[in-house]
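Let's go through this one by question and answer. Have the sequence and the model open side by side.

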Amino acid sequence: MEAVFQISEDILIACVKGEIDHHNAAPLRNSIDESMKAFGCSRLILDFSGVEMMDSSGIGVVLGRYKKLRKNGGTLCISGCSEHIERVLDMAGVFSLIRMADDIENAICILQGQEQMRMEV
Amino acid sequence: MNNEMKIEFSALAENEAFARAAAAAFFMPLDPTIEELTEIKTAVSEAVSNSIIHGYGRLPQKQEENTEYMVELTCQSFSNGKVMITVTDHGIGIENVEQAMEPLFTTGDGEERSGMGFTVMESFMDRLKVTSEQGKGTTVTMTKYLDIVSGL
């Protein structure tokens, strides 16, 4: 498991690769939180297109980041879910809280769209 | 029964990946689909994590590392495409199995637990049985029927 980070404006994009389980959920969580802090980002994209397997520990990582971001007025979008990952996240009702995009570009559009809507209001 | 394997490993989180890879390697000759294999790996990962986190997690560590606590994994395959996976620990056991199996139930020790482990096992496998005795340990038995038509 590893995560590669990219920045687009104030959006942090975390491309997660490999398998997410209880053992590597903690380092993954820490590396995302540290990068958010280091780059001062309030918006996050979790890209799962490189993830082969994920157990329920992944739900904790996603919901944990969601709660943290919401507390600071930030937003989160998920992209690149395989059918397997979508199924696991859907079991916990994650998509009633967090938007899902097909790919990173789409996710950026969603996050920027949300920002624009907020400005119009 | 056609084939069986049994392994025992230390109750360490780093062995979760080993356990699911071992199960996947054992079932590989049955020619499962990638989806079936991912489902099996995920279910094994959940069961083994439960043993490590809940079965042994709250017991005092033996020596420096908890290397003396062991988790057992048994995999069996049958000619009709049925596979059975058993994960056993000799940890503290589950006080209320029914409650533990409820979606979103978690002992909530602030570690971002989702409480979805048993739900994931239930949905990725065809049958799930949990037997537990307090102070003795827990056994999770999972059954799945592989779609073996293509292999014939």
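Q: Which residue in E4(A) stands opposite A:Leu44?
A: This is a predicted model, where local features need pLDDT of at least 70, side-chain atom pairs count only at pLDDT 80 or more, and totals for chains, interfaces and linings use all residues. Residues are numbered from 1 along each chain as its sequence is written, with chains lettered from A and ligands numbered from 1 in the order in which they are written. Strands E3 (43–54) and E4 (75–79) of chain A run parallel and are joined by five bridges; strands here are DSSP runs of E with at least two residues, helices are runs of H or I with at least four, both numbered from the N terminus, and two strands pair if DSSP finds at least two bridges between them. The residue opposite A:Leu44 is A:Leu76.

Q: Which strands of chain A stand at the edges of the sheet?
A: The sheet is open, with five strands in the order E1-E2-E3-E4-E5 and mixed pairing. An edge strand has a single partner, so one side of it lacks a neighbour in the sheet. That is the case for E1 (2–8) and E5 (99–101) of chain A.

Q: What angle does the direction of H1(A) make with that of E2(A)?
A: H1(A) packs on the sheet and touches E1, E2 (11–20) and E3 of chain A. Axes are lines fitted to C-alpha atoms, for helices over the stretch in contact, and angles run from 0 to 180 degrees between N-to-C directions. The angle comes out at about 170°.

Q: Is A:Glu9 buried or exposed?
A: A:Glu9 sits in the loop between E1 and E2 of chain A, and has a positive phi of about 55° despite not being a glycine. Buried means 20 or more other C-beta atoms within 10 Å of a residue's own, exposed means 12 or fewer, and partly exposed is in between, with C-beta atoms placed from the backbone. Since A:Glu9 has 10 such neighbours, it counts as exposed.

Q: Why do the buried residues of H1(B) lie on the same side of the helix?
A: The buried set is B:Glu16, B:Ala19, B:Arg20, B:Ala23, B:Phe26 and B:Phe27.

Q: Which element gives the most to the side of chain A that touches chain B?
A: Contact means C-beta atoms, placed from the backbone, within 7 Å, and 17 residues of chain A are in contact with 19 of chain B. H1, H2 (57–71) and H3 (83–91) of chain A each supply at least two residues of that side. With five residues, the one giving the most is H2(A).

Q: Which residue takes a positive phi in the hairpin of E4(B) and E5(B)?
A: E4 (127–133) and E5(B) pair in the antiparallel sense over seven bridges, B:Val130 being the partner of B:Val140. The hairpin has three residues between the strands. The one with a positive phi, near 85°, is B:Gly135.

Key: Contact = placed C-beta atoms within 7 Å.
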